[in-house]
Amino acid sequence: MYKEREEISNNTEMDKFEMNENDIVEKSISNDTNFNQSVGNKDLMSNDVDKTDCECAEDNITDTAISNELDTDGSQLVVEKQTITNGANDEITNPQAVDTSDKKVLRTRILKTILLLLFFGATFYTIYAVSKTLSGGNIASLKEVLSTPNPLYMAMLFVIVGVIFLTDASKYAVASKITMGKFDYRFNIGVGVMGRFYDNITPFNTGGQPYQVYQYYKRGYPVSVSTVIPLVKYMFELTTRIIVCLVLYIVNHNVLDMLPSAQATAVASLTYVGIAIASFGPATLILFSLFPKAINKIIRFVLKLGYKLHIVKDFDKKSEEVLEFLTNYSKAFKQVAGNFKGIVSMFAVSTIDSLLVMSVPFFVIIALGKTTPSMELFWDMVTLNAYSFFAASLVPTPGNSGAIEGVASMAFAPMQMADGALFWVVFIWRICTYYIYIVLGLIKTFVDFVKNRITKRKMRNGN
């Protein structure tokens, strides 16, 4: 992790200062980040912190900018820190400046929230339009859909959503146990939920990892461990999801026969392309760990070809970055690979989590009533959801929104359910697995913002 500190001005006297995450300005994702350097500089950063032996107080920082930059697979982190100038005391002596700054932050957040709501409105309309077309123009009202609910499966749906929170946190906890020797479970629940929140509002689901890395570091984890835990969790989760889905495709290979021929072909084609692309990352890392020289030659050849096609601007720089990233991740992979119990635990938890997530539509359909539960229907719904997951993964919208609802609507349309309930099945399913994280994340963000304002005012008033 890069850490650059500007010299503290003589006019600024501070023995201790505490950094609050609400004063952090997160920058956009960058492909030029060097993972190896971020890990390699951990000692320099640690020594710097030990020298100063201080914690940043929010009100004494005016020019703080932490830049979390990741390349598109969310695996590289650079943290740059520029702090304390002569203006450090101005924030206390000039309340008007603080109020202006807070108002700007508030306006920015309100604008982002409005844009996010507009995007979700467009997604909502997509679900409605596709469902209406597939249902022959028949969409029941919510009152009609909930007129004969199944209380048992309604309760089971709530339980499953809660268990998904726990299984997701368990993956971080197991990764923490492997790398640090402690589960830290309660902390990892918050890390998992907020990580999902940031993933769900950023393209390609990459926004959560910078937040998680920072939270682990703030918790006292070493820089290298803070960076590796989210990566290990992500790679095991993705690898397990791919394996589970492939098994479902093979075992329940006739499930797409329920769809019209054109739709079945489209869903299958998009799924296989999506799963091939998703498999590239884990496969490359595993092969590099086993055959570093051969994979390095292949990567250099691909980058050289990209350079000649003017896709890659700087061949030497990019090849060095890719090699350093693969080398460091290979070291982390080997460290984890040495813990057999940890690997089994991670795969087991990830498998349970994947099956639970993909089973949610089944429980939604049964919970709405008018549908008789069966194991055949259960596995059909799980498999169709597995198809929709990878078929929509090619679309870089936050949470694959719009695409995954459209594909799922096509996949779920032939299933037995209440008349006109398709729209509500898809919508409630997305609430349980996607929108719930956004709602919780927005609530926490708002609460933290209010707390930060109150703390600043108390410190300015000398309370």
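Start in helix H16 (residues 422-460), which holds both Phe423 and Phe427, four residues apart, about one turn of the helix. Helices here are DSSP runs of H or I, at least four residues, and strands are runs of E, at least two, numbered from the N terminus. This is a predicted model: local features need pLDDT of at least 70, side-chain atom pairs count only at pLDDT 80 or more, and totals for chains, interfaces and linings use all residues. Residues are numbered from 1 along each chain as its sequence is written, and side-chain values use heavy atoms, with hydrogens and water left out.

The structure holds 22 aromatic pairs. Rings of Phe, Tyr and Trp (its six-membered ring) pair if their centres lie within 6.5 Å; planes under 30 degrees apart are stacked, over 60 edge-to-face, the rest tilted.

Now, Tyr153 and Phe363: their ring centres are 5.9 Å apart and the planes are at 35 degrees, so this pair is tilted. Tyr153 sits in helix H6 (residues 151-180) and Phe363 in helix H13 (residues 340-367), so the pair ties together parts 210 residues apart in sequence. Both Tyr153 and Phe363 are buried, meaning under 20% relative accessible area, with exposed over 50% and partly exposed in between (1.4 Å probe, protein chains only).

Phe423 and Phe427, by contrast, are stacked, at 5.9 Å centre to centre and 5 degrees between the planes. Phe423 and Phe427 are buried as well.

Finally, one aromatic cluster is formed by Tyr153, Phe362, Phe363, Phe378 and Trp379.
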